[in-house]
Amino acid sequence: MGKGPFSLKRSSSSRRRAKKFIGPPPSPFPSPPQPQPMGHATSPPLSPLNNNLAVKAKKKAGGARLWMRFDRCGGSELVECDKNAIIRRAAIPPRDLRILGPVFSHSSSILAREKAMVVNLEFIKAIVTAEEVLLLDPLRQEVLPFADQLRQQLPFKTQSRVDDQDNDLDAPTARQWLPVPEAVEGLQCDLPFEFQVLEIALEVVCTYLDSSVADLEMEAYPILDELARNVSTKNLELVRSLKSNLTRLLARVQKVRDEIEHLLDDNEDMAHLYLTRKWIQNQQSEALLARSGSYSISPAAPNLRRLSSNRSGSLVTSNNMGEDDVEDLEMLLEAYFMQLDGTRNKILSVREYIDDTEDYVNIQLDNQRNELIQLQLTLTIASFAIAVETLISGIFGMNIPCVLYKTYGIFEYFVGGITAFSVLLFFLIFGYARWKKLLGS
């Protein structure tokens, strides 16, 4: 009995199926992700070969970094995103992420983009939009206070604003005939969401810098007082280390201060930081376009179309006027600019105290150096007088015939005479040096 071609195909397909489905069939539902603890890993230890492969796989994956996301209501979650995901989510150029990298760890910059604000203040590296905050490296010891402040302050500050915005945008017919300033009056009673985040960031950074300056002051004054009392190598080394720390801290404060000053000098940059204003304008423009389209479709409402066109014109005028209003942000930045200026003045006062201490130490060393020079000059005068006496004694010590050798008892008188002459010569030269003010009193 031969086999037809159809039976051959069935046998081959059954063979392929047997090779394909080895083991239990996969479940149609995705398995839930297993939580991984932050402290210790639960996976078994890897061999060196597997460990190297894992490291290479991470490098090829692009190096996803840990971020913490905060929404307008204060909710937070830890997410792990790579560079491309952040760029797509926040609509920022790739160079802004390089600014948030480790190369610019102690730089300070506040950049305004179309839909986001890039904040790089000391250890706080965040991307702020009108709806959320993306915080980089949230588990660092310095960043934890900032994350706690966001959790504590955002729910109470922004909930009422979110409700007002939702009512304005979701139910436009309830307030469609109110004037535009009155409709957005509830939105202007408090700082926008992005400025609340910026205020918390500036507060945390200024508090950290103030505490650093206070710790430096507590450390500096005892060391400088000890150096003024005792000039030693150990105290000089402590002052040198203190001065280098002071210089680094002053540079960090100066960077934040200069960035705020740069924003205060440019109203256009401050206007670009109003992300909520841009978001509201876009939402209102879309709502007006949709409303005007519905009005143009209905032929029985000519008065409504005219009123809608008048309302859209007033909205454009009010928006153009509001774009130049940066008073809220200016007052916020001025307050922290003054605080940073006070911190900078504290550092400069410590530096002045260090300079005064160094001048005092230099005066002490100069005084000791002058005393050594005076002692050296006095010993030189005494050596000259003794040398004259030695010269006279050496002359008479030669074997030269002289009448004084035969005189009995003249030795004592002769030695006393040349000694008195040497002492007199010493006082004469010493008095001359005092008269010329070469020696102190």
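Q: Which residue in β5 does V118 stand opposite?
A: Before anything else, please keep in mind that this is a predicted model. In it, V118 stands opposite I127 in β5, and the two strands concerned, β4 and β5, run antiparallel and are joined by five bridges.

Q: How many residues sit between β4 and β5 in the hairpin?
A: The hairpin formed by β4 and β5 has two residues between its strands, and E122, which is in the turn, has a positive phi of about 55°.

Q: And on to β6: how many bridges join β5 to it?
A: Three bridges join β5 to β6, and these strands run antiparallel; they also form a hairpin, with three residues between them. Within this pairing, A126 stands opposite L135 in β6.

Q: Is β5 largely enclosed or open to the outside, and why?
A: Five of the five residues of β5 are buried, so the strand is largely enclosed by the rest of the structure. Both of its faces are covered, with I124, A126 and V128 buried on one side and K125 and I127 buried on the other.

Q: Zooming out, what is the strand order of the sheet?
A: The sheet is open, with six strands in the order β2-β1-β6-β5-β4-β3 and antiparallel pairing. Its edge strands are β2 (76-81) and β3 (108-112), each of which pairs on one side only, and the twist from one strand to the next averages 20°.

Q: How many bridges join β1 to β6?
A: Strand β1 (residues 65-71) and strand β6 (residues 132-136) are joined by five bridges and run antiparallel, and here W67 stands opposite L136 in β6.

Q: What does helix α7 touch where it packs on the sheet?
A: Helix α7 (residues 193-229) touches β1, β3, β4 (117-121), β5 (124-128) and β6, and its direction makes about 5° with that of β4. Helix α8 (residues 233-265) also packs on the sheet, touching β3 and β4, with a direction that makes about 25° with that of β3.

Q: Staying with α8, is V239 buried or exposed?
A: V239, which is found in helix α8, is buried, since its relative accessible area is 5% and the cut-off for buried is under 20%.

Q: Which residues is V239 in contact with, leaving aside its neighbours within four places in sequence?
A: On that basis, V239 is in contact with I223, L224, L227 and I354. As for A220, it lies 19 residues from V239 in sequence and 7.9 Å from V239 in space, C-alpha to C-alpha.

Q: Changing topic, how many aromatic pairs are there?
A: The count comes to six aromatic pairs. One of them is Y221 with Y353, whose ring centres are 4.9 Å apart and whose planes are at 75°, so the pair is edge-to-face.

Q: Why does that pair tie together parts that are 132 residues apart in sequence?
A: Y221 lies in helix α7 whereas Y353 lies in helix α12 (residues 327-396), so the pair ties together parts with that separation of 132 residues. Y221 counts as partly exposed at 28% relative accessibility, and Y353 counts as partly exposed at 30%.

Q: And what about the rings of F426 and F427?
A: Their centres are 5.4 Å apart and their planes are at 75°, so this pair is edge-to-face. F426 is buried, with a relative accessible area of 19%, whereas F427 is exposed, with 53%. Ring pairs link F426, F427 and F430 into a cluster.

Q: How many disulfides does a search of the whole structure find?
A: The search finds zero disulfides. As for individual cysteines, C73 counts as partly exposed at 38% relative accessibility, while C206 is buried, with a relative accessible area of 1%.

Q: Last, the chain as a whole: how many helices and strands does it come to?
A: The secondary structure of the protein chain comes to 13 helices and six strands, and 30% of the 441 residues count as buried. The accessible surface comes to about 28400 Å², of which 59% belongs to carbon and sulfur atoms.

Q: What share of the contacts joins residues at least 24 apart?
A: Among contacts in the protein chain between residues at least 6 apart in sequence, 71% join residues at least 24 apart.

Methods: Residues are numbered from 1 along each chain as its sequence is written. This is a predicted model: local features need pLDDT of at least 70, side-chain atom pairs count only at pLDDT 80 or more; totals for chains, interfaces and linings use all residues. Side-chain values use heavy atoms; hydrogens and water are left out. Two strands pair if DSSP finds at least two bridges between them. Helices (H or I, at least four residues) and strands (E, at least two) are DSSP runs, numbered from the N terminus. Axes are lines fitted to C-alpha atoms, for helices over the stretch in contact, and angles run from 0 to 180 degrees between N-to-C directions. Contact means heavy atoms within 4.5 Å. A disulfide is a pair of cysteine sulfur atoms within 2.5 Å. Buried means under 20% relative accessible area, exposed over 50%, partly exposed in between (1.4 Å probe, protein chains only). Accessible areas come from the Shrake-Rupley method with a 1.4 Å probe; for residues, only the protein chains shown count as cover. Rings of Phe, Tyr and Trp (its six-membered ring) pair if their centres lie within 6.5 Å; planes under 30 degrees apart count as stacked, over 60 as edge-to-face and the rest as tilted.
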